[in-house]
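Please open the model in a viewer and keep the selection panel at hand.

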Amino acid sequence: LGENVASAYSQSKKKIEKMKCTVIAILASTAAAFSSLKAPASKISTTKLNAFEDALGAQPPLGFFDPLGLVADGNSKNFERLRFVELKHGRVAMLAVLGQTVCEAGIRLPGKISFDGPAFADIPNGFSAVSAIPSGGLIQLFGFIGFLELFVMKDITGGEFVGDFRNGFIDYGWDKFDEETKLQKRAIELNNGRAAMAGILALMVHEKLGVSLWPN
């Protein structure tokens, strides 16, 4: 009986060792296959995205970050269009966060919102304000936004960079800055806009959840 047990154990051990060798061989061949394919794919990707790796906003810790591959084809016109949209949304989001902060602090315009409407002080903050504003006021708001979108917030004269809406009218001393300072200020605006987009989204979501992010 003892010899049979020893023989069975020896055979089982040999099978296990054989299986280990087989698994190692399979893993090695798989790794070799992937390593042989990796170089061309990386080379192609790097070539296409070279133009954007040093673009404004590509900075530590993420560097050039395009998880959805929106500009994976290296199309510079598509990149500029997306940068234009990012800047515009960031500017709107910064105004939205500022508006939320001012209203949450209790700061309101004096008087009434209309001749027979509620006072500005009675208009709540957030989503509730939409239903509290008279329909005439909403029409004026959307009309003003449409006017800005169609005639003001656009590059008419051919700006210095994507998102330059000065159109030869407002400068605020921009042309007095050196190139390094201009890039720094544009990067600050871009990053503040990104933060504001995340911030206003968080405020909106938490308001709908009934959990306020504002301190009591």
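**Charged pairs and a surface patch**

Begin by selecting R194, which counts as partly exposed at 28% relative accessibility. This is a predicted model. Because E86 belongs to helix α2 (residues 76-104) and R194 to helix α5 (residues 179-209), the pair ties together parts that lie 108 residues apart in sequence. E86 is also partly exposed, at 21% relative accessible area. A search of the whole structure finds nine salt bridges.

Next, select D164 and R166. Their salt bridge has its closest N and O atoms 2.9 Å apart. Is D164 buried or exposed? With a relative accessible area of 4%, D164 is buried, whereas R166 is partly exposed at 21%.

Now move to K182 and E179, whose closest N and O atoms are 3.9 Å apart in a salt bridge. K182 and E179 are three residues apart in helix α5, so about one helical turn separates them. K182 is buried, with a relative accessible area of 8%, while E179 counts as exposed at 54%.

Finally, select F144, F147, L150, F151 and V152, which form a nonpolar patch on the surface, with about 520 Å² of accessible area together. Within this group, F151 is located in helix α4 (residues 135-152) and is exposed, with a relative accessible area of 53%.

Methods
Residues numbered from 1 in each chain as written. Predicted model: local features only at pLDDT ≥ 70, side-chain atom pairs only at ≥ 80, totals over all residues. Heavy atoms only, no water. Patch = residues over 30% accessible without salt bridge, like charges linked within 9 Å, V, L, I, M, F, W, Y side chains within 5 Å. Areas by Shrake-Rupley, 256 points an atom, 1.4 Å probe, with all protein chains shown as cover. Salt bridge = Lys/Arg side-chain N within 4 Å of Asp/Glu carboxyl O. Helix = DSSP H or I, 4+ residues; strand = E, 2+ residues; numbered from the N terminus. Buried < 20%, exposed > 50% of the residue type's maximum accessible area, 1.4 Å probe, protein only.
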